[in-house]
Amino acid sequence: MNAVGSRAEKSGERNQTRAGLLFILPAFLHLTVFVLFPILFAFVLSLHRWDVLKPNRPFVGLENYAKLLHDPLFWNALGNSALYTLGSVPLGMALALGVAVLVNQRLRGTTLFRTLFYLPAVSSAVALAMVWTFLYLPERGLLAWTLGAVGLTQAAQTDWLQNPFWAMPALIFMSLWTGLGPRMVLFLAGLQSVPAALYEAAAIDGAGHWSVFRHITLPLLLPTTLFVLVTSTISAFQVFTPVYMMTRGGPVRHTDVVGYHIYNTAWRQFHLGTASAQSYVLFLVVLAVSSLQFRLMQKRISGFTVS
Amino acid sequence: MAEARQIGLRYRGQVLLTLVGLSLGLAGCHPSSRSTDATDVTLRVADWGGASADPAISRFESEVMAEWQRQHPHIHIAPEHIPGSDVYVSKMLTAFVAGTEPDVMALDASSAAVFIENNTLLDMTPRIEQEHFDLGDYYPNVLDLARRGSHLYALPADFTPMMLYYNKSLFRNAGVPFPQDGWTWNEFREDCRRLTVWPAGTPHPTQYGFELQNWMPGWIPWIWQNGGDVLTPDGKHAAGALDTAATGEAFQFLYKLVADKLAPTLSESQAQGADPFQSGLTAMQISGHWNLVGLRASEKLKLADVGVVGLPERRRRVTVLYESGYAITKGCRRTAEAWEYVKFMSGPFVQRKKAELGVGISANRQVAESRREASPFEAAFLDNVRYGVAPKGATVENYAQVEDIGREAMEEILVGGKPVSSALREAAKRIDAEL
């Protein structure tokens, strides 16, 4: 009886394992074919002089990487990406946190506002880019019109996307809005997981709004903040669509970010080897930056829970 | 033909993802020609067209297709439209690598070299000789755009010399006589000056003489007219061509039009949110025959108010000739049927339809000449064909990059305020590193 039962149990377990494996198989295959293989293949590419149409694709070792070190255009692109990240991530996170706090109030209509703020996230990035191109038009765009209406006629003449100084800030400003939704939702989830008891205790102790936010909300949001910071940084370094649609890297390469630069190297110049090497350099940069963020934040998180 | 103002919804290219598509394609099958019946054949035909708002174009397409199906009931055409000329080139090249290329593809002269030099197209000469097919019907300099020695890789479908369009009303209002073929740069600049209107109290002119688009296929003729060039005659170097005084003078001339407020800045053109020539901001514009299609649909500028004239000349009279034709790919397994299709598209029925509906100039000399009197524009175009020179992209494989760098150099001069000579010297260096 016992032996039979355990055998049945065992075969049940085996069946379960098999079913489980079957369930993850589609995702596993998808990841292998569409993610893992390309990542490895890109590394192979980066070690070759691999021009799309040339049958001769010699192995060149690290030559593609060595060349990048002396390529001012690639450094320019890395610099632009860093600028974009430094501009869009901290501001975007602060804005998202502020909005999350607002829509976390128990007030009428917050659901509507949550939806509205999240809408850009479910819209086509290309459509958003076109809308913002029109918003930024000199003289006729909504921004120019608004500036003109409040008397800033000189500023209304500015072509935000064609001006070497303003093109990058214009892209960053747009990203604050397009990136708001997902960040807001994450912060909102974080806010709602803060135990109400802590707020009650603080209220009894007579803490003001600001000190409650400063000493309870912010520290308890640290894990969420870390997550938002790391994912935002990664996606900021990979930005492509708005640049492709709105500035094409211009004016004069002022918005030529790495993602766009890689695309051009691969699909305008057809140097897949160089483009893959650029992708790996970007990967290393992102890896370094995010692990640094992890280390710094982790220290503060564990510090907080111990004390 | 390349279109400057096309705002297509472009494919968002991501290197890694595309790489996968590419490697899968390599391993995959070759779905070139598939038969639906023992006798039925389907040809895949790629071009850069898309949906058009112009009823003449849709009519042209449906009438052509109906006639083809009548003549060849068993050869079906599966069209593949890839909007956007630069995306079209990338997409086609990737398809060749992946082995998923179409049977027949539209070939633009301005990007023909990359396809011909990489051995992706079928030489049509054997079939031409076998059938004693008469090439004498075509304009020789148009036909030669796809020729390499004794090999021919495409039959022309339509073409255009780049011309100067002018707004007759604005000329009349300013009391400026209409430009005549054979006019000069100085006369052109003087006309620009007289056509520019700058009322007191406005931040910039409300009407300009000319619109300088930073679109290299549009401004390259200026350089040639002054005896300069972008590349040396062998097409191998930019140093010795792009950085010479003759080329610099042409850039300087164009730059001065903008700097002296005779042409809008790129931003001011942009601010129009529409074609500045059609909206009446500028009195002159350089474009090809295709521009007539857009003008015909324009609500602000009536076609009766539009004139077309050859480009103003400096040291030599020259313009650039853009052409598109049909080529058969090397991977095509139904070459006999594909050859029939190419002949049809380049032949009298389609060419006559095209001319009648005014959607292009026929590459067939007889058909084109028969339309000389059909509209006030055709004669001007036809008279300028002999000044037409092949775009460098017809012979230089990496020309797309040359154009990118050229556009950036012009941007540095116009927007970045960089001196012409140093911008061109640096651009020449970059191009030479690429070629």
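I'll start with one pair of residues: B:Phe210 stands opposite B:Met284, and the latter sits in strand S9 of chain B. Before going on, note that this is a predicted model.

That pair belongs to the pairing of S8(B) with S9(B), where S9(B) covers residues 282-287. The two strands run in the parallel sense, and two bridges join them. They are part of an open sheet in chain B made of four strands, in the order S8-S9-S7-S10, with mixed pairing. At the edges are S8(B), residues 208-210, and S10(B), residues 306-309, each of which pairs on one side only. From one strand to the next, the twist averages 20°. Packed on this sheet is helix H8 of chain B, residues 185-195, which touches S8 and S9 of chain B. The direction of H8(B) makes about 155° with that of S8(B).

Now chain A. Here we have 15 helices and zero strands. The radius of gyration of chain A is 25 Å, whereas a compact globule of 307 residues would have one near 19 Å. Along the principal axes, the C-alpha atoms of chain A fill a box of roughly 80 × 65 × 35 Å. Buried residues make up 32% of the 307 in chain A. If you take the contacts in chain A with a separation of 6 or more, 69% of them are between residues 24 or more positions apart.

One helix pair in chain A, in some detail. Helix H3(A), residues 72-103, and helix H12(A), residues 222-237, have axes that come within 9 Å and cross at roughly 145°. The crossing of H3(A) and H12(A) is right-handed. On the H3(A) side, the residues that meet H12(A) include A:Ser81, A:Tyr84, A:Ser88 and A:Gly92. Among their counterparts in H12(A) are A:Val228, A:Ser232, A:Ala236 and A:Phe237. What is the make-up of the contact of H3(A) with H12(A) in nonpolar, polar and charged residues? It divides into seven nonpolar, six polar and no charged.

Last, the two chains together. How many residues of chain A are in contact with chain B? There are 34, and they meet 27 residues of chain B. Four helices of chain A each supply at least two residues of the side that touches chain B: H1 (2-46), H13 (241-247), H14 (258-267) and H15 (272-306). H1(A) gives the largest share of that side, seven residues. By type, the residues of chain A on that side divide into 23 nonpolar, six polar and five charged.

Technical notes. Residues are numbered from 1 along each chain as its sequence is written. Chains are lettered from A and ligands numbered from 1 in the order in which they are written. This is a predicted model: local features need pLDDT of at least 70, side-chain atom pairs count only at pLDDT 80 or more; totals for chains, interfaces and linings use all residues. Two residues are in contact if their C-beta atoms, placed from the backbone, lie within 7 Å. Ala, Val, Leu, Ile, Met, Phe, Trp, Tyr, Cys and Pro count as nonpolar, Asp, Glu, Lys and Arg as charged, and the others, Gly among them, as polar. Two strands pair if DSSP finds at least two bridges between them. Axes are lines fitted to C-alpha atoms, for helices over the stretch in contact, and angles run from 0 to 180 degrees between N-to-C directions. The radius of gyration is taken over C-alpha atoms; the globule rule is 2.2 Å times the number of residues to the power 0.38. A residue is buried if 20 or more other C-beta atoms lie within 10 Å of its own, exposed if 12 or fewer, and partly exposed in between; C-beta atoms are placed from the backbone. A crossing is left-handed if the near helix is turned anticlockwise from the far one by less than a right angle, and right-handed if clockwise.
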